[in-house]
Structure formats: C-alpha cells, structure tokens
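Hello,

Here is the structure I promised to pass on. Please have a look at it first, and then read my notes below.

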Amino acid sequence: MSGFADAPDADVIARILAGDGDAFGILVRRHEPGLLRFATRMLGSPDAAADAVAEALIRAYRHLASLDDPTRFRTWLYRIVANRCKSHLGRRSAQRVSLEEAAPVPDPHDGEAELERAEQLGLVERALRTLSPEKREAFLLKHVEGLSYEEMAALTGERVPTLKMRVHRAREALLEALKEHR
Amino acid sequence: MSKLDPRIHEVLDGELPLERLPAELRALVLRLEHAAGLLRAGPAPASVAGRVLAALHRPEPSRGRRVLQWLTERHVITIAMRPVWSLALAAVLAAVVLVPDHGSAPLLGAQEGIARFVGHFPGARSVDVVGPFTDWHTGVVPLRDDDNDGVWSAVVVLPAGTHEYMFVVDGERWVADPLAGRYVSDGFGRQNALLIVRPVGR
C-alpha cells in the first residue's frame, strides 16, 4: 500500500473495488480528522461523533460500488456523516442536551494562552449549539470544513442560493449568540 | 436576530476584499473567522480507524452463530400472502388491537403498527424490502407473488414512526417505491422511500 498513500481518492477507490480492501485504510486516515471534527461540532459530544463517523465509514465501504463519481468521495462521506448526525440529533431532540456538554475542560497544567484559548473555544461551542442543526451544519461546512457552496449543494441536496442564505443566517445567529454568551 | 451588513457576507464569501470594509464591519468579519478558526483547531475524538477496519475485517459469523443470534434478537415479523388476504389480516389485527380485551395481552405493542409493502415487478424472481429495520439486508422481509401477476407484497409489524425503505429486485436492483409519495436522500445519491407507521392503538 505504501507509495499509494498520496494517490487521489478515485484511484484508491478503484483499487479497493478491484479487491484490495485494505486500501480503504488510506481513505479512512485521510478523511477522518475532518469528519470527526465536523461530527463533534454538530453533536457536541466526542463519543457520539466517533460513533457517527465509524458507522458512516463502514457504511461507505459497504456501498462504495454505488458511488457514481469517485472524485466526489469526500463530499459523499460528509453527506453520510451529516445524515447520521441529523438522525442522532433527531433521536436526541426529546432530551435536553446541556450546552456545557461539549465544552473543553482546560488542563490546569496548560499555559495561560492555552487556558484562554480553551475558554474561547467553549464560548464558541456554546454559541454554536444554540443554532438550529441546519444552520450549524451550514456554518461548519462552509467555514470550518471549507466546502464550496457547490460542494455543499451536492452534499445536502439544497440549491446554492438556499445554502447561501442559510450560511448568512447562521453567521448572524452565531454573532448574536456570541454576544449573549460573552 | 439583527441582520448583518451584506458586505460582511460578500467578504466572507470571497466576493469582496476585506480592505473594502470599514473598520467596524471588519471587526465582525474577524470575529467570525476567529470563531471558525477555534472550531477548526479544537480537539476532536481519537481516531476511529482501528475500529472501522476491525469491523470491516470481522469474518461473517458461522451459520450456527447466526441462528443463535437470530433466536435471541428481536425481529420483524413477516407474513407473506396474497394481497387480498394481507389486507384482511391487517384489518383483523387492527380490530384485535383496537377492541379492548382486558383478559389477554395485546397482539402488538402500543408503539407498533402494521406496514404493508406492495410493488409491481412483473417478471421478477424475488423482491425484498430492506431498511434500517432489516439492517438493509435482503432475506429478512421477502415479498411474495403467489399468483404470478407481478404484484409482490408483504405485511410486517414495525415500530411506529418513520421508516426508510427500498425494494431489492432479484437481489441486486434497488428500487425506491414509486408509490411511496415521500422520499429522503439515502446519502449515496439516491432516494429512499419513506413510510410512516402509526401505532395501531392510536
């Protein structure tokens, strides 16, 4: 597998579909940091995020042959994870989830700058969790994962103008929430 | 929620350079970018690669183990029959559950309902319905066409709620029920049909 680690997703997928299942590890390691980050911010729970991403990756592997355009593998993965996050949030909607759940716990051995950074991150995460799942997803995909509106459209099935509007509303809601949580 | 100056969105969408904004608006852009930067750099859970690859490499359980697992797990109950009989059965089951009977336990749980799947697949050798309730596996809820008229059907008891499902024809062709009326993206570029099962007790 060595020497293949930098190959484009589509090449790795072709290799997997030709019978080299182990090559899927390349794709897992390549994409899981972003997927885990996205799911953690969406769900506010590292454990739930790990479950969502693991399930999504297993599902992706099992349905790899059904992927129409292997060059869009990354977008496809995000879509699976986003769907799993939404169904997780749907199941959890009846329960009240503490806004503190996702707050990082500063390590007392951290320096002053790290403590301040952790505090700021906690503030942003609390503000983020006040957004609706759709707005949260839109903000995270655009500003944290760096997807284009076109990629977001492929991922969510929504039209670009709709997504643009959603991102705009998400920015406004986030700034408002940041003011309140200050 | 107060609306932001549209120029802020233009900058954040890469349509306008930051320098074109007055200082007070620039501060808001930087605030949002700072927030996004914190979220990008913040801690994330440990890798799940080992767990995923282990799951993919796990060998299929033996036949005996599958039987044991089947006997100890909860299952969807499948009754396959001619469409007219399946309707009659659905009516009887509903009546049994709806008519109070203090002397015996209800046939269905309060949060279960009856779902009837029907599809027109002339010439098909097999039709299955799959969904989360079958873990998307075929062979759990096969449809039947006993009179060979191309109409395949099955009646199943499912938990009340919304269920995604697909028909699998001849074990390989996945078809969204054209009569479902409601669909949802399956995350793989296709649409799953949606079925709403209402609790029979309601």
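**What I found**

A:Arg15 counts as partly exposed, at 28% relative accessibility; the cut-offs are under 20% relative accessible area for buried, over 50% for exposed and partly exposed in between, with a 1.4 Å probe and protein chains only. Before going further, please note that this is a predicted model, where local features need pLDDT of at least 70, side-chain atom pairs count only at pLDDT 80 or more, and totals for chains, interfaces and linings use all residues. Residues are numbered from 1 along each chain as its sequence is written, chains are lettered from A and ligands numbered from 1 in the order in which they are written, and side-chain values use heavy atoms, with hydrogens and water left out.

**Salt bridges within chain A**

The side chain of A:Arg15 meets that of A:Asp20 in a salt bridge, at 2.7 Å from N to O. The term stands for a side-chain nitrogen of Lys or Arg within 4 Å of a carboxyl oxygen of Asp or Glu. A:Asp20 is partly exposed too, at 22% relative accessibility. Over all chains, the rule gives 13 salt bridges.

Another of these joins the side chains of A:Arg30 and A:Asp9, with 2.6 Å from N to O. A:Arg30 lies in helix α2 of chain A and A:Asp9 in helix α1 (residues 9-17), so the pair ties together parts that are 21 residues apart in sequence. Helices here are DSSP runs of H or I with at least four residues, strands are runs of E with at least two, and both are numbered from the N terminus. A:Asp9 is buried, with a relative accessible area of 14%, whereas A:Arg30 is partly exposed at 29%.

The side chains of A:Arg37 and A:Glu145 also form a salt bridge (2.7 Å, N to O). A:Arg37 sits in helix α2 of chain A and A:Glu145 in the loop between α6 and α7 (149-156), so this pair ties together parts that are 108 residues apart in sequence. A:Glu145 counts as buried, at 7% relative accessibility.

**Chain A as a whole**

Chain A has 8 helices and 0 strands. Of its 182 residues, 49% are buried. Among its contacts (heavy atoms within 4.5 Å) with a separation of 6 or more, 62% are between residues 24 or more positions apart. The chain exposes about 8,500 Å², and carbon and sulfur atoms supply 49% of that; the accessible areas come from the Shrake-Rupley method with a 1.4 Å probe, and for residues only the protein chains shown count as cover.

Helix α6 of chain A is worth a look: 9 of its 12 residues are buried, so it is largely enclosed by the rest of the structure. The buried residues include A:Phe139, A:Leu140 and A:Leu141, and also A:Arg136, A:Glu137 and A:Lys142. A:Gly146, which follows α6 of chain A, has a positive phi, near 70 degrees.

**Where chains A and B meet**

How many residues does each chain bring to the contact? Chain A gives 52 residues and chain B gives 40. The area buried between them is about 4,100 Å², with 63% from carbon and sulfur atoms; this is the accessible area (1.4 Å probe) that the two parts lose on being put together, summed over both. A:Arg171, A:Glu172 and A:Leu175 supply 15% of the area that chain A buries against chain B, more than any other three residues.

Across this interface there are 2 salt bridges. A:Arg171 and B:Asp13 meet in a salt bridge through their side chains, at 2.6 Å from N to O. The side of chain A that touches chain B divides into 24 nonpolar, 8 polar and 20 charged residues.

A:His168 belongs to helix α8 of chain A and is buried, with a relative accessible area of 15%. Leaving aside neighbours within four places in sequence, A:His168 is in contact with A:Tyr149, B:His9 and B:Asp13.

Best wishes

Note on methods: Ala, Val, Leu, Ile, Met, Phe, Trp, Tyr, Cys and Pro count as nonpolar, Asp, Glu, Lys and Arg as charged, and the others, Gly among them, as polar.
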